[in-house]
Each structure stands twice: as C-alpha cells, then as structure tokens.
Amino acid sequence: MADTRPGRYTSRTDGDLVAAAQGGDRGALEALLERHHDRLHALCRRLTGNDADAADATQEALIAVVRGLARFDNRSSFTTWAYRVATNAALDELRRRRRRPEPGLPDGPGARPAGGAWGVASPGGEGTVEQALERMDIDAALARLPADFRAPVVLRDLCALTYEEIADVLDLPPGTVRSRISRGRAALAELIAPEGNREPPARRPNTRPSTERHP
C-alpha cells in the first residue's frame, strides 16, 4: 500500500524527489517545489528589486522547472539547476521592464525602500531593528547595481554558490565571475557606507605649481 502520510517526502533527498517526480509522482514534484520555493523567491527578489516582479519571476521559474524537469540530467545539483532557471527568469523580467519605471527604488542617497531584506530569516524568526535596517540598505544598494554585477553577488552571498557553480549558472568563465563579484561587492560597500564615512574625492589644487612660468 502506498504511503499517503503528508510528511512522507520530508526526509527524502532532492535526488530522490527528482527521480520520483520524473517517474510521475506528483506528490514528489510538489514537495520539491515547496522545498525550494522560498530560496528561489529570495533570489528573484534580490535580482528584480521589488516584490511584484519577484513574484512574477518566481512563478515563471517554477513553471520552467516543472516543464524542464524531465530533461534534468543530474550533471549539477538540483539546487544549482533551479538557481539557473530562476536567475534566467529574473533577468528576463528585468529585460521586460527595462522601458518602464522601476517601482520601489529610493529617490535619494539616504532613502530606504518601503520593505525588503535578504530574504533569509534569522534564527527564531526575529531580528533587531539594526539588522532590519542594514538589510534594507543592502536591498536598496543591490537595486542600484547593474544586473551583470548583481546576479553573481547575489548567487555568492545570498545563495552561497561556489564560483564554479555561479560560472555554470551564468554561463561565464570563473575568472569573470570572480571579477564581477569583487567589483560588485566594492560598489555595494560604497553605496551602503554612511555619507560621512566615504572617501572624499581628491582635491585639485586651486593654484598652479610654483614651477610654472608666468608671463
């Protein structure tokens, strides 16, 4: 007799669920999608920069996972493959909205978005006010990063993928991934740093060097 307990899929690995889903087990498919939904949504939220586009991208990603699961060949982990699908869905959403205003972006250097965070809950589901504000700063700064930098930074620092996995997800050489992560993090640090802590631009002398000849 088949096991019909609601939690019967909880202890199964992703590989077990993938194999069962590819064999037509709808319950395994639903369990797989439910297990990865939150992390895929968090990735889409960081890449698109707002809740509405993140919801659309997540939905498209889940549909693409279902449609493409039969072709998944286990050459990478299911998580890496799902991140690739979600990243493509989010970047497609960014391309679709390129000509319309981006909702939720702050108007000035010190402005904060109305909501948003890294999408990773703290232990116990609670966090300090300082942590929440810091995450909002990160959210606003990420929204200002070009997608070429934003995607590798999010995949590394939110999703904890290796450089090789990110290269696989984005179809880039590992060296390019490392460079974009480094430059993206540097840009984030500059955007998040309080105004008073930023390096002032080098001042140009108001007078010409004394060695210059005068008429």
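This is a predicted model: local features need pLDDT of at least 70, side-chain atom pairs count only at pLDDT 80 or more; totals for chains, interfaces and linings use all residues.
Trainee: How far apart are the end C-alpha atoms of helix H3?
Mentor: Helices are DSSP runs of H or I with at least four residues, numbered from the N terminus. The expected span is 1.5 Å times one less than the number of residues. H3 has 18 residues (51-68) and should therefore span 26 Å; the distance between its end C-alpha atoms agrees with this, at 25 Å.

Trainee: Which residues of H3 are buried?
Mentor: Buried means under 20% relative accessible area, exposed over 50%, and partly exposed in between (1.4 Å probe, protein chains only). In H3 the buried residues are Asp53, Ala54, Ala57, Thr58, Ala61, Leu62, Val65 and Gly68.

Trainee: Within what arc do the buried residues of H3 fall?
Mentor: The arc is taken from the directions from the helix axis to the C-beta atoms. Seen down the axis, the buried residues of H3 line one face of the helix, because they fall within an arc of 165°.

Trainee: Which residues are exposed on the face of H3 turned away from its buried side, and which helices do the buried residues pack against?
Mentor: The face turned away from the buried side carries the exposed residues Ala52 and Arg67. Contact means heavy atoms within 4.5 Å. By that criterion, the buried residues of H3 pack against helix H2 (26-48) and helix H4 (78-96).

Trainee: Which residue forms a salt bridge with arginine 35, and which helices hold the pair?
Mentor: A salt bridge is a side-chain nitrogen of Lys or Arg within 4 Å of a carboxyl oxygen of Asp or Glu, and the whole structure has eight of them. The N to O distance is 2.8 Å, and the partner is aspartate 14. The pair ties together parts that are 21 residues apart in sequence, since arginine 35 lies in helix H2 and aspartate 14 in helix H1 (residues 14-22).

Trainee: How many residues separate arginine 84 and aspartate 168?
Mentor: These two form a salt bridge with closest N and O atoms 2.6 Å apart. Arginine 84 is buried at 19% relative accessibility, while aspartate 168 is partly exposed at 36%. Arginine 84 lies in helix H4 and aspartate 168 in helix H7 (residues 163-170), and the separation is 84 residues.

Trainee: Which helix holds both aspartate 92 and arginine 95?
Mentor: Their closest N and O atoms are 2.4 Å apart, in a salt bridge. Aspartate 92 is partly exposed at 31%, as is arginine 95 at 46%. An α-helix has 3.6 residues a turn, so residues three or four places apart point the same way. Aspartate 92 and arginine 95 are three residues apart, about one turn, and both lie in helix H4.

Terms used: Residues are numbered from 1 along each chain as its sequence is written. Side-chain values use heavy atoms; hydrogens and water are left out. Helices (H or I, at least four residues) and strands (E, at least two) are DSSP runs, numbered from the N terminus.
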